[in-house]
Amino acid sequence: MAEVKATAERVIDKPSDAVYAALADYAGTRAGILPENYSEYEVLAGGTGAGTKVHWKLQATKKRVRDCVLEVSEPTPGTLVETDANSTMVTTWTVTPQGEGSSAVHVQTTWQGAGGVAGFFEGTFAPLGLRRIHTATLDKLAATVRS
């Protein structure tokens, strides 16, 4: 099994503390910025940043739905790590200042992929689909923090 990785990045014209606060607000903002690929969203514990536990279903393709229970940690300032209790999937969000009043938001998801032929197709196509999902989330985040 090889590690599969999907990344996306966006610069948002808002200070990093405001962008990070919106991203870390699982009880409020986060549900509103998730695209239609997510369903059954619910906060199980906490609600803001580290210590939050959240559930959702992620529909990556028409046939592939992943039931996720994520534990959130903040290993360093400006970084949120969502670790799925149901799989090897880990998503890391990093918000850094980018000039005056702007922020760069980088998201990376990794997981252990399948082996063999299935693993080849997963490693080739899954990152493209997840990158689209991440880009849609970043677009909605940008629109939300600007309003």
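**Aromatic rings and their neighbours**

Tyr 41 is partly exposed, with a relative accessible area of 24%. That value comes from a predicted model, as does everything else below.

How do the rings sit against each other? A pair of aromatic rings is described by how far apart the centres are and by the angle between the planes. The count here comes to two aromatic pairs. In one of them, the ring centres of Tyr 38 and Trp 56 are 5.2 Å apart and the planes meet at 85°, so this pair is edge-to-face. Tyr 38 belongs to strand S2 (residues 38-45) and Trp 56 to strand S3 (residues 53-59), so the contact ties together parts of the chain that are 18 residues apart in sequence.

Trp 56 also pairs with Tyr 41: the centres lie 5.9 Å apart with the planes at 20°, and since planes under 30 degrees apart count as stacked, this pair is stacked. It's another link between distant parts of the chain, with Tyr 41 in strand S2 and Trp 56 in strand S3, 15 residues apart.

Arg 30 lies over the face of Trp 93, at 5.0 Å from the ring centre. Likewise, Arg 66 sits over the face of Trp 111, and here the distance to the ring centre is 5.8 Å.

Conventions. Residues numbered from 1 in each chain as written. Predicted model: local features only at pLDDT ≥ 70, side-chain atom pairs only at ≥ 80, totals over all residues. Heavy atoms only, no water. Phe/Tyr/Trp six-rings, centres within 6.5 Å; stacked < 30°, edge-to-face > 60°. Helix = DSSP H or I, 4+ residues; strand = E, 2+ residues; numbered from the N terminus. Buried < 20%, exposed > 50% of the residue type's maximum accessible area, 1.4 Å probe, protein only. Lys NZ or Arg CZ within 6 Å of the ring centre and 35° of its normal.
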